Amino acid sequence: MSDQSLRVLSYNVWALKFVSKNRLERLDAISRALKASQYDIIAFQELWTGYDMMKATLTNLPYSKYWRTAAVGSGLAIFSRFPIIESHVYPYSLNGSPSDLSGDWFAGKACASVVIAHPLLGQVEIFNTHFFAKGGEEGPEYWRAVRISNAWEMSRLVAGALGRGRHVIVTGDFNSSPHSLPMKIMISRANLIDAWVESHPTLPSSPIGRNTSSNAARAIEVFGLTVDSPLNSWSLGKPLDPYARKWLGKRLDYILFRSPSAKSRPHLTIEETNVVMREKVPGRAFSFSDHFALEATFSVATPEDPVYASSSHAPRHTILTDENQYKLSEEDLLTALGAISYEYREANKRSKRQMIYFWLSLLLLLFIVIGSAFIHPSRWLAPVATLLGAIATWRGTTALYVGFIYGQWETGILTNLMEEIEDVRDTYR
């Protein structure tokens, strides 16, 4: 493989133990399919199980890193053809509530990265993430307040890597549509380039048409849809929201990039992007994952190349003469501030509600303790009182943790975020 090109794959493989269907068979098929590929970098999301299998199979990518966060792990992993010289993980400050059993809080959604040593580019930092799931694509922006927080934190990390003079490639499942506020924040705050948009400059502004196989295939090829496609077997029978039905799927997976602002250094230029792993597992009737994968092929232009100075991509990718073209608008900042402010008020309400549950549980426990003195041990009420006491203790302890400890933590984080946004907004005045 030539060092003049860089092939990157981002793939949500849906590998949660006891939950994901046909998990082991799919992971084995995925690992064998990717073994035959020519990728330089593979970033996985939802690889909660199967990392060792991938590591044993993907011998063409000898360097890898898996990150363990929270109770069940982030599910993030990166495999590389080039040596990894640094690795980092940054669990997001907000991941939902511990009382929410949907799983994001227990997974500890995070931004992870490795720094690779590329023969021509030097240090390249590869980011991988999986944003908070709940919130949808339509409706009030405050539904996506946690994703806004994720994007704000991650964009700060990416901007920091660029400030250190590194090339950056950002991959992941952002659980956000292209024109959503979280994606605007990601692209604008770090001046990133969306590889799909760059390689598909004439994207239509309206859906392809009604749900047919040919239209669904064209929608994937035109819009880069990676999930909830009618052509994915795991979408069949799944209750899809109006957004997915309208566009014949969703584009939630991205590869973003940027090279440092230096005229004399090599830079990355996007050649093509494709949605891949769209076929069924060989010999089976189901897809490899509930997501399709996204691949991007970059070329590396060096100052010695004859086309370097005349490259149509060079001015945008390396010499940002107009920083304002990537700047968030004040309206965007106000929308973000409104969403976070609403979430702050809701967090306060949740905290107060949990504290009420705590005091009620404590009163019930005291009633049981005092009342148990008047219950003869042989009577049937004794075991009932013991059970009620255990339930009151569990509920009260949980309510105290969620309402007071986590409640103070959550409101503090949201306050910090609102202040950060206000600081940025002040620069517009």
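Q: How much space lies in the largest pocket?
A: This is a predicted model, in which local features need pLDDT of at least 70, side-chain atom pairs count only at pLDDT 80 or more, and totals for chains, interfaces and linings use all residues. Residues are numbered from 1 along each chain as its sequence is written, and side-chain values use heavy atoms, leaving out hydrogens and water. A pocket is an open set of points on a 1 Å grid over the protein atoms alone where a 1.4 Å probe fits, with protein on both sides within 12 Å along at least five of seven lines. With volume taken as the space filled by probe spheres set on the points, joined across faces, edges and corners, the largest pocket holds about 840 Å³.

Q: Which helix gives the most to the lining of the largest pocket?
A: The lining (residues with an atom within 4 Å of a point) comprises 33 residues, with Glu 46, Ala 133, Asn 175, Lys 238 and Asp 290 nearest the centre of the pocket. By class, it has 11 nonpolar, 10 polar and 12 charged residues. The top contributor, with 3 residues, is helix α3 (residues 104-107).

Q: How are α4 and α5 oriented to each other?
A: The axes of α4 and helix α5 (residues 181-189) come within 8 Å and cross at roughly 10 degrees. Angles under 35 degrees count as roughly parallel, so α4 and α5 are roughly parallel.

Q: How many charged residues does the contact of α4 with α5 have?
A: Contact means heavy atoms within 4.5 Å, and among the residues of α4 that meet α5 are Arg 147, Trp 152 and Arg 156. On the α5 side, the residues include Pro 182, Ile 185 and Arg 189. By class, the contact of α4 with α5 has 9 nonpolar residues, 1 polar and, as charged residues, 3.

Q: What is the handedness of the crossing of α4 and α10?
A: Helix α4 (residues 145-163) and helix α10 (residues 330-372) pack at about 120 degrees, with their axes 9 Å apart. The two are therefore oblique to each other. The crossing in which α4 passes α10 is left-handed.

Q: How is α10 oriented to α11?
A: The axes of α10 and helix α11 (residues 381-426) come within 7 Å and cross at roughly 160 degrees. Since angles over 145 degrees count as roughly antiparallel, α10 is to α11 roughly antiparallel.

Methods. Axes are lines fitted to C-alpha atoms, for helices over the stretch in contact, and angles run from 0 to 180 degrees between N-to-C directions. Helices (H or I, at least four residues) and strands (E, at least two) are DSSP runs, numbered from the N terminus. Angles under 35 degrees count as roughly parallel, over 145 as roughly antiparallel, 65 to 115 as roughly perpendicular and the rest as oblique. A crossing is left-handed if the near helix is turned anticlockwise from the far one by less than a right angle, and right-handed if clockwise. Ala, Val, Leu, Ile, Met, Phe, Trp, Tyr, Cys and Pro count as nonpolar, Asp, Glu, Lys and Arg as charged, and the others, Gly among them, as polar.
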